[in-house]
Amino acid sequence: MATIDWARYHSIVVLTGAGISVASGLRPYRGPGGLWSEIDVDRVVTAAALARDPRQVWAFFAEARRQVLAASPNPAHVALARLERRLAPGQAMVVVTQNIDGLHQRAGSREVVNLHGSARRWRCTRCEARGEGEAPEACPACPTCGAWMRPDVVLFDEYVAAEAEWRTKRALRDCDLFVAVGTSGTVTPAANFVRSARYAGARTVLVNLEAMAPRDPEFDEEVLGRAEEVLPALVGD
Ligand code: ZN
């Protein structure tokens, strides 16, 4: 298996996708057995659905929130948190995650970009009001302005939050090691991010269960296996 001498790198970016949380009992959204395959995506998790019926969007993510609150970080999340803790002065690392489960933070990672928001948070559809934690079962009205509240996640047809996008771009610009874990290397955002990282001169590694087909030449290396087994081995003690 590939080895990584982490101490050699000054600016490490780790992109994580659904595959890193499977061992925590969270199902991937896409692919066989994925949540998205069971629901009518166009009706439930789009900007248009939110405009039409915010209560239906809320109900869908209430279920996602229950699963997330019941899940615990697995050895893959823990390994990344350990890696961050042992960085030397002058080394930086950021985890950019597509997941909305908050498991990186719960494992102890500090520099985390939630590209797609968080299942644990919600916000007003009109004003700046926000909430977090134990959410009401039914879609609540905003305590400030009375509009519907909504999950603080990025729905289909919505943009990634400006702050998340800015932090990601900044990290990729400086990056000398890019590792994508548990996400398809051949679709966005991994496919875009790896191109930026390569342009910046980074070494690029994909850790995933399935081999890329076709293989994306932007990735220097591909490590096949379960994230919860591969990452602890790659990171070491
Ligand atoms: Zn409001």
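Hi everyone. Before I start, one definition: helices and strands here are DSSP runs, at least four residues of H or I for a helix and at least two of E for a strand, numbered from the N terminus. And please keep in mind that this is a predicted model.

With those labels in hand, let's begin with Asp 157. Its place is in the loop between E6 and H7. The backbone there has a positive phi of about 75 degrees, although Asp 157 is not a glycine. Is Asp 157 buried or exposed? At 67% relative accessibility, Asp 157 counts as exposed, because the cut-off for that class is over 50%.

Another backbone feature is the peptide bond from Ala 213 to Pro 214, which is cis, with omega near 0 degrees. Pro 214 is found in the loop between strand E8, residues 203–208, and strand E9, residues 221–224.

Now to the metal. Which residues coordinate the zinc ion? Cys 124, Cys 127, Cys 142 and Cys 145 do, each through SG, at 2.3 to 2.4 Å. In sequence, these donors follow the spacing C-x2-C-x14-C-x2-C. For the geometry, the four donor atoms subtend angles of 99 to 119 degrees around the zinc ion, so the arrangement is tetrahedral. Accessibility at the site is worth a look too: Cys 127 is partly exposed, with a relative accessible area of 25%, whereas Cys 142 counts as buried at 5%.

Next, the second largest pocket. Its volume is about 420 Å³. Strand E3 (112–114), strand E4 (117–124), strand E6 (149–153) and helix H7 (162–174) are the elements that give two or more residues to its lining. Which of these gives the most? That is E4, with four residues. In total, 26 residues line the pocket, and those nearest its centre are Arg 121, Arg 123, Arg 130, Asp 152 and Ala 161. By residue class, the lining divides into twelve nonpolar, ten charged and four polar residues.

I'll finish with two residues for your viewer. Arg 65 is found in helix H4, residues 54–70. Its relative accessible area is 3%, so Arg 65 is buried. Asn 99 is found in the loop between strand E2 (92–97) and helix H6 (103–107), and at 8% relative accessibility Asn 99 counts as buried.

Arg 65 and Leu 87 are 22 residues apart along the chain, and their C-alpha atoms are separated by 32 Å. Asn 99 and His 77 are 22 residues apart in sequence, and from C-alpha to C-alpha they are 12 Å apart in space.

Note on methods. Residues numbered from 1 in each chain as written. Predicted model: local features only at pLDDT ≥ 70, side-chain atom pairs only at ≥ 80, totals over all residues. Heavy atoms only, no water. 1 Å grid on protein atoms, 1.4 Å probe; cavity = no way out; pocket = protein on both sides within 12 Å on 5 of 7 lines; lining within 4 Å. Points joined across faces, edges and corners; volume = space filled by probe spheres on them. Nonpolar A, V, L, I, M, F, W, Y, C, P; charged D, E, K, R; others polar. Donors = N, O, S within 2.8 Å, 3.2 Å for Na, K, Ca; no water. Tetrahedral: all angles 85-135°; square planar, octahedral: opposite > 155°, others 65-115°. Buried < 20%, exposed > 50% of the residue type's maximum accessible area, 1.4 Å probe, protein only.
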